[in-house]
Amino acid sequence: MSKKTRAIFLGLCIIGSFFIYCVFYYSNMIKNAPYRFSDFEYLTIQYGVRDSILNSFNSATQEYQYLNKQNEVVKKKLKLTDDDLLYLHRKAMEMGFWNVDDDMTTPRKDSLEGRDIPRYILEYKYKEKGKKVTLDADYPGNQKMKDAAKTTIEKVLDMINVANAR
């Protein structure tokens with residue numbers, strides 16, 4: 001073999017093995033991603049004051065229940081499209097929702113303290129995994145985690161309101 005042929009052979013061996021390694025490594029990484037939209041089953045949100053969480057939505061059953069301005073509980077069917085759910089999935093990923101604590105509630109000294117503080121319970125359910133976060137509006141913990149959870153909850157509520165207005 002000439003020097004040029006050896007150099008080409010050696011270069012192809014190094015580059016080829018690196019390419020095979022990258023394909024193998026990243027394909028397993030993508031395949032084992034914990035929260036894929038293809039595995040998405042449903043999304044639920046519940047919110048209200050601690051003692052009476054009357055507002056709720058479940059994307060699987062399409063049941064939407066909310067308290068209107070006349071303090072009446074209204075129940076109706078509300079369907080979010082696949083595009084709406086994909087948007088919410090991507091927003092949760094973008095905001096880092098998967099990394100926030102599951103329990104973001106404020107510790108209370110007695111049952112009467114903070115009764116009027118809103119509480120939000122948001123759950124994303126996938127085939128093998130799920131993420132359920134409980135957030136009090138006055139949570140004193142890590143501000144970045146609180147902002148990530150709060151923004152994700154706001155996006156879900158905005159999407160529900162848009163779908164309700166259709």
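User: Is L10 buried or exposed?

Analyst: This is a predicted model, and the values discussed here are computed from it. L10 has a relative accessible area of 51%; the cut-off for exposed is over 50%, so L10 is exposed. The residue belongs to helix α1, which covers residues 3-31.

User: Which residues make a nonpolar surface patch of about 320 Å²?

Analyst: That patch is made by L10, I14 and I15.

User: Let us turn to charged side chains. How many salt bridges does the structure hold?

Analyst: The general idea is that side chains of opposite charge can pair when their charged atoms come close. In this structure there are two salt bridges. One joins K91 to E94, with 3.3 Å between the closest N and O atoms. The other joins the side chains of R119 and D136, at 2.7 Å from N to O. This second pair links distant parts of the chain, as R119 is in strand β6 (residues 118-126) and D136 in strand β7 (residues 130-136), 17 residues apart.

User: Where do K91 and E94 lie?

Analyst: Both are in helix α2 (residues 82-95), three residues apart, which is about one turn of the helix.

User: How many aromatic pairs are counted?

Analyst: The count is three. To read such a pair, one takes the distance between ring centres together with the angle between the ring planes. Y47 and Y120 form a stacked pair, with 6.1 Å from centre to centre and 25 degrees between the planes.

User: Why does the pair of Y47 and Y120 tie together parts that are 73 residues apart in sequence?

Analyst: Because Y47 lies in strand β1 (residues 40-49) and Y120 in strand β6, the pair ties together those parts of the sequence. Y47 is buried, at 17% relative accessibility, while Y120 is partly exposed, at 22%.

User: Why is the pair of F57 and Y64 edge-to-face?

Analyst: The ring centres of F57 and Y64 are 6.1 Å apart and the planes stand at 75 degrees, so the pair is edge-to-face; the cut-off for that class is over 60 degrees. F57 and Y64 are both buried. Ring pairs also link F57, Y64 and Y66 into a cluster.

User: How many residues has helix α3, and what span does it reach?

Analyst: One can compare the distance between the first and last C-alpha with the span expected at 1.5 Å a residue. Helix α3 (residues 143-165) has 23 residues and reaches 32 Å, close to the expected 33 Å.

User: Which residues of α3 are buried?

Analyst: The buried residues of α3 are K146, A148, A149, T152, I153, V156, L157, M159, I160 and A163.

Conventions. Residues numbered from 1 in each chain as written. Predicted model: local features only at pLDDT ≥ 70, side-chain atom pairs only at ≥ 80, totals over all residues. Heavy atoms only, no water. Helix = DSSP H or I, 4+ residues; strand = E, 2+ residues; numbered from the N terminus. Expected span 1.5 Å × (residues − 1). Buried < 20%, exposed > 50% of the residue type's maximum accessible area, 1.4 Å probe, protein only. Salt bridge = Lys/Arg side-chain N within 4 Å of Asp/Glu carboxyl O. Phe/Tyr/Trp six-rings, centres within 6.5 Å; stacked < 30°, edge-to-face > 60°. Patch = residues over 30% accessible without salt bridge, like charges linked within 9 Å, V, L, I, M, F, W, Y side chains within 5 Å. Areas by Shrake-Rupley, 256 points an atom, 1.4 Å probe, with all protein chains shown as cover.
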